[in-house]
Amino acid sequence: MSVRITGLSRRFNGQAALDDVSLEIARGEFTALLGPSGSGKTTLLRVLAGLDFPDAGLVEIDGRDVGQVPARERRVGVVFQHYALFRHMSVAENVAFGLRVRPRATRPAAAEIDRRVRELLELVQIPELAGRFPDQCSGGQRQRIALARALAIEPLLLLLDEPFAALDAVVRKDVRRWVRGLHDRLGITTILVTHDQEEALELADRVAVLDRGRLAQFAPPATLLEAPATAFVAGFLGEASCIPARLSGGRLESPLPGLAAPPAWPDGALRLFLRPHEVAVEAGPGPGLVRMVHPSLGAGTRVVLELEGHVLEGVVPPGLPVPERGGPCGLRALAATAFHEDGSRARLA
Amino acid sequence: MTNLDRFLDNFFNARIAAQWAPKILDGMGVTVLLAIAVIVAGLAAGLGLAVLRAMGVRVLNWAIIFIVDLFRALPPLVVIVLIFFGLPAIDIQLDGFWAAWLALSLILAAFAEEVFWAGITSVPKGQWEASRSLGLGFLVTFFLVVLPQAIRMVVPPLVNRTIAITKGTALASVVAVPEILGAAQSAVSHSFNATPLTMAAAAYLALFIPVVLAGRWIETRFAWKR
């Protein structure tokens with residue numbers, strides 16, 4: 001179902017957790033809410049679920065204003081960060097619970113509920129766990145149980161609150177690809193809350209980046225990387241290092257050689273964002289001080305270095321000699337994204 | 001007669017023991033009855049109060065907290081004596097057994113209410129929220145999701161409190177209830193020998209060691225780590 005949020009604000013003790021957020025999510029879309037902790041992403045999810053209420057603004061689900069609709073009538077499935085499974089019920093009872101407690105008029109027959117629970121447990125690939133209790137299941141299994149429980153009520157909208165945070169790195173990758181595959185099969189509009197950019201960029205059709213309660217940018221992953229709307233987005237995504245610079249008299253004053261001044265910008269302070277592959281590092285004398293060296297497959301050797309007090313990451317192209325840790329190195333910028341203090345953005349090369 | 005003989009004759013006298021054993025056994029029966037009645041009434045009332053308190057009616061909660069704090073603060077013996085000697089003044093005549101039962105039940109209810117309440121508030125907020133987003137209302141969530149978990153979380157402190165209060169049944173001897181201690185004391189004053197007290201101690205051990213063991217079993221069987 002489609003979701004439209006207009007001018008949403010929420011304050012806690014005078015602090016704005018959400019500040020005039022507007023966004024529109026299409027039916028069947030997989031959206032990620034991405035931001036550091038305290039950016040308001042979980043507050044936004046809770047408002048959508050009906051667990052928290054905004055101070056101002058409008059939330060419409062499928063064209064219906066849900067401002068006064070309590071959580072239990074919204075048909076929004078939620079997978080909570082720590083899953084919040086009912087530990088006194090078996091896995092099958094957990095999944096069946098949302099159906100069993102419905103009023104008689106809308107409750108499916110007992111046999112129908114059993115059939116649906118079996119189907120859901122098969123869908124999330126844990127039919128063998130039906131009789132166990134949550135405490136007897138692993139993290140990955142609990143996550144699937146939580147998902148099956150959320151899907152049991154046939155939600156119009158599925159909300160996932162950091163659902164992969166409690167899983168170890170290897171399981172996490174598997175599970176998140178599987179979740180995306182499940183979304184593609186079921187087609188339920190899904191919103192994922194995460195602070196992990198890799199997760200958001202891999203899973204979502206579009207990503208909403210939140211910065212201290214404000215929507216910084218809402219765009220497909222590729223657009224976020226290629227054309228970040230604000231300095232915050234540029235710095236938050238894609239492992240970019242940030243270097244301050246100045247424009248004076250049309251000349252770029254930067255500790256990093258290799259960049260031309262952006263045309264037609266007024267003088268003032270700039271911030272340059274450079275991804276590792278945009279900084280070429282070479283062994284030998286130079287202004288850089290090598291802090292760490294770690295080889296990476298195919299793409300050359302990654303080097304963490306210090307330049308006039310700023311830490312940045314660069315790459316030694318494959319086949320060239322690698323500088324030593326603790327020693328000097330030369331470096332050159334190949335490209336960068338620049339933000340002027342007035343907010344305008346340019347690609348430099 | 002050596003000191004040891006005198007001691008043995010006074011505390012471990014076989015003839016006296018045989019003579020008063022039926023009385024002590026009767027006393028055990030009374031103690032068991034009183035203890036069971038107190039446990040049932042006290043725990044049920046405590047749970048009921050905790051559930052009422054969870055409904056969040058402010059005035060009612062003040063009253064509950066006041067009553068609970070009152071009975072947690074008063075010494076059990078004082079409550080027993082107050083009920084036994086005080087209630088007749090308003091024409092409620094309880095015999096010793098029911099006066100002791102009422103007093104100990106009120107005290108157990110007060111402590112149990114606090115324990116259950118602690119359990120209810122320590123069920124994570126996420127459980128409420130998960131339940132609400134599955135479409136459940138307040139009462140269904142409370143009775144089917146929160147309360148069952150709360151009860152299992154508080155099994156250990158509840159077992160402790162229950163054991164402590166059932167030992168308080170010995171206080172009923174003050175209001176002439178012929179439970180173990182009462183029976184033993186009257187035997188002592190008739191026989192001029194302390195052997196019935198030794199028997200009383202043995203009877204308490206015989207009763208309460210199994211209760212303590214049962215408590216341990218209940219804890220391992222039903223309790224949850226938090």
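Which residues line the second largest cavity? The legends below answer this for a predicted model and then turn to the other views.

**Figure 1. Second largest cavity, with a lining drawn from chains A and B.** In this predicted model, the residues that line the second largest cavity are A:Gly77, A:Val78, A:Phe80, A:Arg149, A:Ala150, B:Ala130, B:Ser133 and B:Leu134. The space inside the second largest cavity amounts to about 40 Å³. Three elements each contribute at least two residues to this lining: strand S6 (76–79) and helix H4 of chain A, and helix H6 (125–133) of chain B. Sorted by class, the lining of the second largest cavity comprises 5 nonpolar, 2 polar and 1 charged residues.

**Figure 2. Largest cavity, with a lining that includes residues of helices H4 and H5 of chain A.** The model holds 2 cavities of 30 Å³ or more, and the largest cavity has a volume of about 70 Å³. Its lining is formed by A:Leu147, A:Leu151, A:Leu158, A:Val179, A:Leu182, A:His183, A:Leu186, A:Gly187, A:Ile188 and A:Thr190. Helix H4 (139–152) and helix H5 (169–186) of chain A are the elements that provide two or more of the lining residues. Helix H5 of chain A makes the greatest contribution to the lining of the largest cavity, with 4 residues. By class, 7 residues of this lining are nonpolar and 3 are polar, while no charged residues are present.

**Figure 3. Interface between chain A and chain B.** Contact between the two chains involves 20 residues of chain A and 20 residues of chain B. Together, chain A and chain B bury about 1,800 Å², of which 63% lies on carbon and sulfur atoms. Of the area that chain A buries against chain B, 34% is supplied by A:Arg72, A:Arg87 and A:His88, more than by any other three residues.

**Figure 4. Salt bridge and polar contacts between chain A and chain B.** The count of salt bridges between chain A and chain B is 1. This salt bridge pairs A:Arg46 with B:Glu129, and the closest N and O atoms are 2.8 Å apart. Between chain A and chain B, 5 residue pairs are in polar contact, with both residues at pLDDT 80 or more. On the side of chain A that touches chain B, strand S6 and helix H2 (91–100) of chain A are the elements that give two or more residues. That side of chain A divides by class into 12 nonpolar, 3 polar and 5 charged residues.

**Figure 5. Largest pocket, with residues of chains A and B nearest its centre.** Helix H4 of chain A, along with helix H6 and helix H7 (138–153) of chain B, each supply at least two residues of the lining. The lining of the largest pocket consists of 7 nonpolar, 6 polar and 4 charged residues.

**Figure 6. Second largest pocket, with residues of chain B nearest its centre.** The volume of the second largest pocket is about 320 Å³. The pocket is lined by 17 residues, among them B:Ile39, B:Thr162, B:Ile163, B:Thr166 and B:Val211, which lie nearest its centre. At least two lining residues come from each of helix H2 (14–54), helix H8 (155–167) and helix H10 (195–222) of chain B. The lining of the second largest pocket contains 13 nonpolar and 4 polar residues, with no charged residues.

**Figure 7. Salt bridge between A:Arg206 and A:Glu29.** Over all chains, the count comes to 29 salt bridges. In the one shown here, A:Arg206 pairs with A:Glu29, with the closest N and O atoms 2.5 Å apart. The pair joins distant parts of the chain, its two residues being 177 residues apart. A:Arg206 belongs to strand S9 (residues 206–211) of chain A, whereas A:Glu29 lies in the loop between strand S2 (15–25) and strand S3 (30–34) of chain A.

Terms used. Residues are numbered from 1 along each chain as its sequence is written. Chains are lettered from A and ligands numbered from 1 in the order in which they are written. This is a predicted model: local features need pLDDT of at least 70, side-chain atom pairs count only at pLDDT 80 or more; totals for chains, interfaces and linings use all residues. Side-chain values use heavy atoms; hydrogens and water are left out. On a 1 Å grid over the protein atoms alone, a cavity is a set of points where a 1.4 Å probe fits but cannot get out, and a pocket is an open set with protein on both sides within 12 Å along at least five of seven lines; lining residues have an atom within 4 Å of a point. Grid points are joined across faces, edges and corners, and a volume is the space filled by probe spheres set on the points. Ala, Val, Leu, Ile, Met, Phe, Trp, Tyr, Cys and Pro count as nonpolar, Asp, Glu, Lys and Arg as charged, and the others, Gly among them, as polar. Contact means heavy atoms within 4.5 Å. Buried area is the accessible area (1.4 Å probe) that two parts lose on being put together, summed over both. A salt bridge is a side-chain nitrogen of Lys or Arg within 4 Å of a carboxyl oxygen of Asp or Glu. A polar contact is a pair of N or O atoms within 3.5 Å; within protein, one must be able to donate a hydrogen and the other to accept it, and residues adjacent in sequence count only if both atoms are side-chain atoms.
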